[in-house]
Amino acid sequence: MSKSPYEVLGVSKGASPEAIRRQYLARVREFPPETHPEEFEAIREAYEVLSAPEPLTEDEGLLSSLVDGDEEMGRLMEAGQWKAVLSKVKAKPEPYRSMIQSIAYFHQGRWDSHVRARERVLKQVSPASMPVEGVAVVLAQYRALYLDEADPPRAEDALALYDRYRDIPQLFKRLWMDYSDILAALGRREETIALVEPMLPGPDDPYDPDNGELLVIWIAFLESLGKKDLLKRHQSRAVRYWRKANPEQMALFKESAEDLLELSLENQNLQMARDFAEIMSLVDRKDQDAKKRLWDLNEQLAADQELARLNDDPRIFPAVAIDAVNLFDDLMGWDHEGSMELVADTLTSMDEREWYVAGVARLKKAYPTLYRLFRDDWEASVVELTKGMNREQRRRLLR
């Protein structure tokens, strides 16, 4: 069964436009089109369905989902029957008609006709005539068309289109993530930094929720680039900015940061999750839950780092390493191959049992966090595997 748009983005049916946009941007960061094309396409389609703001007219709302509710048009487009699409769409209202025509012309390889139809759309869909969210949705559809459906990708054309909107601050704040994806397709993603930095609020500026949300996403972006020095500098300034939020604004900030923290955990990025936990604990020093979350994530990150070393340790019996991975994945709620039955429970030969027990002893000394997190499991396995052994045998294996 296919997932609903709400499930794809991970938002509730009552989610606000801001929450939907925030989740969309976070999902795209985790599943960029160049490395996760199928996941990205599902995310983009879900966002297009859910993101049309209430003030739009019915016809404008159609732009956000394109053929949502027009089943015949949807079937024709999915089948690539572009001649039939162009025939059927003639009776449709603008700007829906020109939008569909531009897509059809694109797939037919009629670039000049595509551009003319696209320009008709953009004359009707502009910041002067509709909310910037709607304009961003339409541009995102063309970006996806040029990057994901063109062979080879037409990244330069996508860049030229987006460059036309760089001087509209309120719109570009919603476009910069898409713009970054275009730059990535050109091997120039780091140029995003110089574009976005002038839009960021300073630590002494009055607090604005939109800028607070922008900073949350910006920190995640710097994390994804691995810009540690820049990240540290921006994080320090951002914390000072977030501390000026009133209680209601603080709640929104925490919701944004928590969303990205949870998304990081889902995608097994413990370092990013840990950094967002630290941000929340720094912004609100009275938040004991945030401090506890940071403590737990510090321990889990240390265990994850131990796992990386453990898997390359020839002195550890492989069955112990496998059980350590499965125990950790189960703790984090991550999928792991096979059942959660420990390998220790399946060992029958005396040699394997002795190697496992000796491996646990080694784990206790060299990988203390992994041992401490699952102490009860390790001890239960040792007790079961040493049944029938005398005291001297157990002492030799556990020393």
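Colleague: What share of the 399 residues in the protein chain is buried?

Modeller: In this predicted model, buried residues make up 50% of the 399 residues in the protein chain, where buried means under 20% relative accessible area. The accessible surface of the chain comes to about 20000 Å², and 48% of that surface belongs to carbon and sulfur atoms.

Colleague: How many helices and how many strands does the secondary structure of the protein chain come to?

Modeller: The chain has 22 helices and zero strands. To see how the chain is connected, one can turn to contacts between residues at least 6 apart in sequence, and of these 62% join residues at least 24 apart.

Colleague: Taking Trp378, which residues is it in contact with, leaving aside its neighbours within four places in sequence?

Modeller: With those neighbours left aside, Trp378 is in contact with Val320, Asp323, Ala324, Leu327, Tyr356, Val360, Leu363, Leu370 and Tyr371.

Colleague: Turning to cavities, how many of 30 Å³ or more are found in a search of the whole structure?

Modeller: A cavity is a space where a 1.4 Å probe fits but cannot get out, and the search finds three of 30 Å³ or more. The largest has a volume of about 80 Å³, and of the 10 residues that line it, the closest to its centre are Tyr24, Tyr47, Ala136, Arg174 and Asp178.

Colleague: Which helices each supply at least two residues of the lining of the largest cavity, and how does that lining divide by class?

Modeller: Helices α2 (17-30), α9 (132-149) and α11 (169-185) each supply at least two residues, and the largest share, four residues, comes from α9. By class, this lining has six nonpolar, no polar and four charged residues.

Colleague: What lines the second largest cavity?

Modeller: The second largest cavity, with a volume of about 50 Å³, is lined by Leu200, Pro201, Gly202, Pro203, Leu215, His234, Arg237, Ala238 and Tyr241. Helix α14 (residues 228-242) provides the largest share of this lining, four residues, and the lining residues divide into six nonpolar, two polar and one charged.

Methods
Residues are numbered from 1 along each chain as its sequence is written. This is a predicted model: local features need pLDDT of at least 70, side-chain atom pairs count only at pLDDT 80 or more; totals for chains, interfaces and linings use all residues. Side-chain values use heavy atoms; hydrogens and water are left out. On a 1 Å grid over the protein atoms alone, a cavity is a set of points where a 1.4 Å probe fits but cannot get out, and a pocket is an open set with protein on both sides within 12 Å along at least five of seven lines; lining residues have an atom within 4 Å of a point. Grid points are joined across faces, edges and corners, and a volume is the space filled by probe spheres set on the points. Ala, Val, Leu, Ile, Met, Phe, Trp, Tyr, Cys and Pro count as nonpolar, Asp, Glu, Lys and Arg as charged, and the others, Gly among them, as polar. Contact means heavy atoms within 4.5 Å. Buried means under 20% relative accessible area, exposed over 50%, partly exposed in between (1.4 Å probe, protein chains only). Accessible areas come from the Shrake-Rupley method with a 1.4 Å probe; for residues, only the protein chains shown count as cover.
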